[in-house]
Each structure stands twice: as structure tokens, then as C-alpha cells.
Amino acid sequence: MAKGKDPEAPKRPRSAYMYFSQDKRDEVVKENPDVGFGQIGKILGERWRSLGPEEKRPYEEKADADRRRYDEEKT
């Protein structure tokens, strides 16, 4: 019998980049309405890399909180 994913397992934590992309995706799509899904990801990646540490901090704090939540649920 194959081992499957445990449906009761907690959801894995999101990265700071994932919080950023979730926050900015609609903005990028509005600015680039004729661009495909892959290109949206590239634009978001470029914007993330261009952010300074202070601009990344709110997203990193969300990711840290999510990581703590995951660790607590995992135990």
C-alpha cells in the first residue's frame, strides 16, 4: 500500500516571498493585463529581489508567524 499525504497534517508555512506575491499579484496583473501567468511570476520575482530589507520585513514577519504556527500544529 502506497503512503499518501496525511489529510490531518498541518498546512506547510508560506515563505515571505509567497506573502509578498499574494499581496502584489493583483497590482501586477492590472499593470500588465496581457501578460501570461509565467511572466507575472517573473515580474513579481524581480520586484521581490529589488526590495530592501525594510520593505521585506512585514512579509518576513508574517512568514515567521506562519512558521511558528506550523511548528506548533506539527507537535
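Predicted model: local features only at pLDDT ≥ 70, side-chain atom pairs only at ≥ 80, totals over all residues.
**View 1. Packing of helix α1 against helix α3.** Helix α1 spans residues 16-31 and helix α3 residues 53-74; their axes lie 7 Å apart and meet at an angle of about 120°. The two helices α1 and α3 are therefore oblique to each other, and α1 passes α3 in a right-handed crossing. On the α1 side the contact is formed by A16, Y19, F20, D23 and K24, and on the α3 side by Y59, E60, K62, A63 and D66. Classified by residue type, this contact of α1 with α3 comprises five nonpolar and five charged residues, with no polar ones.

**View 2. Packing of helix α1 against helix α2.** An angle of about 120° separates the directions of α1 and α2, whose axes are 9 Å apart. Helices α1 and α2 are therefore oblique to each other, and their crossing is right-handed. From α1, residues A16, Y17, F20, S21, K24, R25, E27, V28, V29 and E31 take part, meeting F37, I40, G41, I43, L44, G45, R47 and W48 of α2. The contact of α1 with α2 contains 10 nonpolar, three polar and five charged residues.

**View 3. Helix α2 and its buried residues.** Helix α2 consists of 14 residues, 37-50. From first to last C-alpha, α2 reaches 20 Å, close to the 20 Å expected at 1.5 Å a residue. Buried within α2 are I40, I43, L44, G45 and W48. Helices α1 and α3 are among the elements that cover these buried residues of α2. An α-helix has 3.6 residues a turn, so residues three or four places apart point the same way.

Notes: Residues numbered from 1 in each chain as written. Heavy atoms only, no water. Axes fitted to C-alpha atoms, helices over the stretch in contact; angles between N-to-C directions. Helix = DSSP H or I, 4+ residues; strand = E, 2+ residues; numbered from the N terminus. Parallel < 35°, antiparallel > 145°, perpendicular 65-115°, else oblique. Left-handed = near helix turned anticlockwise from the far one by under 90°. Contact = heavy atoms within 4.5 Å. Nonpolar A, V, L, I, M, F, W, Y, C, P; charged D, E, K, R; others polar. Expected span 1.5 Å × (residues − 1). Buried < 20%, exposed > 50% of the residue type's maximum accessible area, 1.4 Å probe, protein only.
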